[in-house]
Amino acid sequence: MFTLSFSDWTWRNILIRLTVSLVIGMVIGIDRGAKRRGGGARTTITVCLGASMIMLLEQYLEALYPERLDISRIAAQVISGVSFLGAGSILISGHQIKGLTYAASIWASACIGLAVGIGFIDGAVILTLFWLTGLHLIPYLENKIYRHSRYMTLYIEAVDGKEIMLISRKLKGDNCFIDTFTVDKPKAKGQYYQIMTTFKLPKGIHKDAYLHALQELSSVGTVNEL
């Protein structure tokens, strides 16, 4: 049963909420900083405390002007506003997308801050524990599962357009099930055709051996597994 004692409008509860928001934001930021990821404690603390203050402001306004305000309106604007902050942290570098987890962390930090700000500290702490546990546990599960997966996602650079047909024919000839196969044409002379493909290998073919076979094709500049 979640306690409602922190929802009362008292100076003690206000200080407790802001302190908890500070600690949770710091834990989230330090966890990312320890892994040398984007952002850090200063960013998550700022977002978490800011969101908490918004909920404190809403509760204050509701007490000051009862039955004249919708307490959820400002909180909804925080969620949409933080989405823009998260979007600014997403970077597309070559054929890879970076910053998605950090953007989600910013958004989740705001949600936790809103919960703490209104006094729902129990839920905020439980969510933080589940969140951090998932972030550390899921990579190990993914590695074990993906190790046995027959699917491969490759980034390939080809010198000319003819090589694209050879790669496509090889995949089909080896009975690979092609899920996606996209080609970006070079924008200037001297650049490569960029191929992104996801396919499923048939049984009996090892991933490393097949990757090496594709690298041995003529006119192929780079073959990287993503």
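Colleague: Why are helix 1 and helix 4 called roughly antiparallel to each other?

Modeller: Helix 1 (residues 11-34) and helix 4 (residues 100-117) pack at an angle of about 165°, with axes 9 Å apart. Angles over 145 degrees count as roughly antiparallel, under 35 as roughly parallel, 65 to 115 as roughly perpendicular and the rest as oblique. Helix 1 and helix 4 are therefore roughly antiparallel. The model is predicted: local features need pLDDT of at least 70, side-chain atom pairs count only at pLDDT 80 or more, and totals for chains, interfaces and linings use all residues. Residues are numbered from 1 along each chain as its sequence is written, and side-chain values use heavy atoms, without hydrogens and water.

Colleague: Which residues make the contact between helix 1 and helix 4?

Modeller: Contact means heavy atoms within 4.5 Å. Helix 1 brings R17, V20, S21, I24, I28 and R32, while helix 4 brings T101, Y102, S105, S109, I112, G113, V116 and G117. By class, this contact has six nonpolar, six polar and two charged residues.

Colleague: What makes strand 3 mostly covered?

Modeller: In strand 3 (residues 151-158), six of the eight residues are buried, where buried means under 20% relative accessible area, with a 1.4 Å probe and protein chains only.

Colleague: How do you know that strand 3 and strand 5 pair?

Modeller: Two strands pair if DSSP finds at least two bridges between them. Strand 3 and strand 5 (residues 193-200) have eight, in the antiparallel sense. Y151 stands opposite K200 in strand 5. Strand 3 is also joined to strand 6 (residues 220-225) by five bridges, again antiparallel, and L154 has E225 of strand 6 as its bridge partner.

Conventions
Axes fitted to C-alpha atoms, helices over the stretch in contact; angles between N-to-C directions. Helix = DSSP H or I, 4+ residues; strand = E, 2+ residues; numbered from the N terminus. Nonpolar A, V, L, I, M, F, W, Y, C, P; charged D, E, K, R; others polar. Buried < 20%, exposed > 50% of the residue type's maximum accessible area, 1.4 Å probe, protein only.
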